[in-house]
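This report concerns the overall fold, the sheet and a ligand shell of one protein model.

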Amino acid sequence: MADKSSRGLADIVAATTSISDIDGEEGRLFYRGYDIQDIGGRISFEECVHLLQRGTLPTRQELDALTEELMAAQHIGPTTEALLPHVTSGGTPMEALRTLVSSLSADDPDVGDSSIEADRRKATRLVAQMPILVARYEAARQGRQAPQIDPELSIAGNFLLQIGGERPSERAAEIFDACLVLHADHTMNASTFTARVIAATLSDIHSAITGAMGALRGPLHGGANEAVMNTLSSIEGDVDAVDEFVRAELEAGRKLMGFGHRVYKTEDPRATFLRKMSEELAELTGNRRYYEFSRRMEQVVFDAKGLYPNVDFYAASVYHALGIPTDLFTPVFAISRMSGWTAHVIEQHEDNRLIRPASEYTGPTDQRWVEISER
Ligand SMILES: CC(=O)SCCNC(=O)CCNC(=O)[C@H](O)C(C)(C)COP(=O)(O)OP(=O)(O)OC[C@H]1O[C@@H](n2cnc3c(N)ncnc32)[C@H](O)[C@@H]1OP(=O)(O)O
Ligand SMILES: O=C([O-])CC(=O)C(=O)O
């Protein structure tokens, strides 16, 4: 029997990992020992994928080889293709994409092979396929074709091209690329933990990722970025209306999405980057409304509750300024987090033990069976 229970497994070490680390007191995040303050805005998402999945920042040659592999995998198979029209009409994008991601395994060349080598190949393919899936989903629900991939553009640039229908500005692609790096991994967050639990039964990588998608979707986790945008756009009037909105929400006992964190006791270092991006995009687009609303909300929430914004808070105004539809914000998170999830599945399979925590029983005891007619 366990010594004590921890609600929500807070502070419980559930895995050892060499992929990422967080110092919650200092507000620091590391990918394989590299401080996000150092690599954020400096490495591309493709380099980040190499770092997380393969363990090192790539040499030029390694990066070229990975980019080629990713390019070659940027398509979806006939099973997923056939499913697309069935999932675009009902439900949310995350529900549809969870189903579509699961279907990718049917056409994967390594289907049925759960060796580490096959895991690695599937991991690269999943990273390449996720932005294509989101873009194809968006095009399908709008009844149009997604533009062709441009081999000159990065994953980030191509995604903006496919969603927006035109080549993004260089700066927009750079900013989005940096966003993908910032969201790529975060130790034992709920979706990564889900993926590891599934992988630890020696299940396959697509099953683990499908579960992770389900966990990411919730508003207490990745779904918060969409909720933040809905909050910001629901506030009518000028920036002063933010004060009253926050007061009313807190008085009603509701949580403000995009604030608070299980691990960070100070500012989330990713929020520091995203705030700057939000400000820059406000200047570039000439629309400062959501940046200013966000700044005010941050101040008012801190004064009232001492809570800091998390990664999802400024991601909302950034994605909005980049022209991404609000209900694709969480799918965008999944595009990035695919790199971390897959790295964790590989790590779990490399040194596996079934994950099976204990529970503390709180139900009745000494019950006795009685005939159904007498209950
Ligand atoms: C990528 C990510 O997943 S980042 C997180 C995204 N999620 C959100 O932004 C949703 C809003 N935030 C939250 O719900 C929480 O802060 C979480 C889920 C992120 C962390 O939760 P936990 O560590 O379990 O903290 P918990 O929910 O128990 O909150 C502790 C206290 O702070 C309060 N609190 C925490 N976050 C918030 C918030 N966003 N707004 C208002 N109050 C909050 C709680 O009401 C609670 O108060 P109480 O002790 O008086 O009851
Ligand atoms: O770590 C967490 O609990 C949530 C989070 O910030 C993330 O997954 O990026």
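The model is predicted, so local features need pLDDT of at least 70 and side-chain atom pairs pLDDT 80 or more, whereas totals for chains, interfaces and linings use all residues. Residues are numbered from 1 along each chain as its sequence is written, and chains are lettered from A and ligands numbered from 1 in the order in which they are written.

The protein chain has 16 helices and 3 strands, taken as DSSP runs numbered from the N terminus (helices: H or I, at least four residues; strands: E, at least two). Its radius of gyration, over C-alpha atoms, is 22 Å, close to the 21 Å of the globule rule for 375 residues, so the chain is as compact as a globular protein of that length; the rule is 2.2 Å times the number of residues to the power 0.38. Of the 375 residues, 46% are buried, that is, 20 or more other C-beta atoms, placed from the backbone, lie within 10 Å of their own.

The strands form an open antiparallel sheet in the order S1-S2-S3, where pairing requires at least two DSSP bridges.

| Strand | Residues |
|---|---|
| S1 | 20-23 |
| S2 | 28-31 |
| S3 | 34-35 |

S1 and S3 are the edge strands, each pairing on one side only. S1 and S2 pair over 4 bridges, and aspartate 23 has arginine 28 in S2 as its bridge partner.

Ligand 2 is surrounded by His186, Asn189, Arg262, Val263, Asn310 and Val311, each with its backbone-placed C-beta atom within 6 Å of the ligand.

Notes:
Buried ≥ 20, exposed ≤ 12 C-beta atoms within 10 Å, placed from the backbone.
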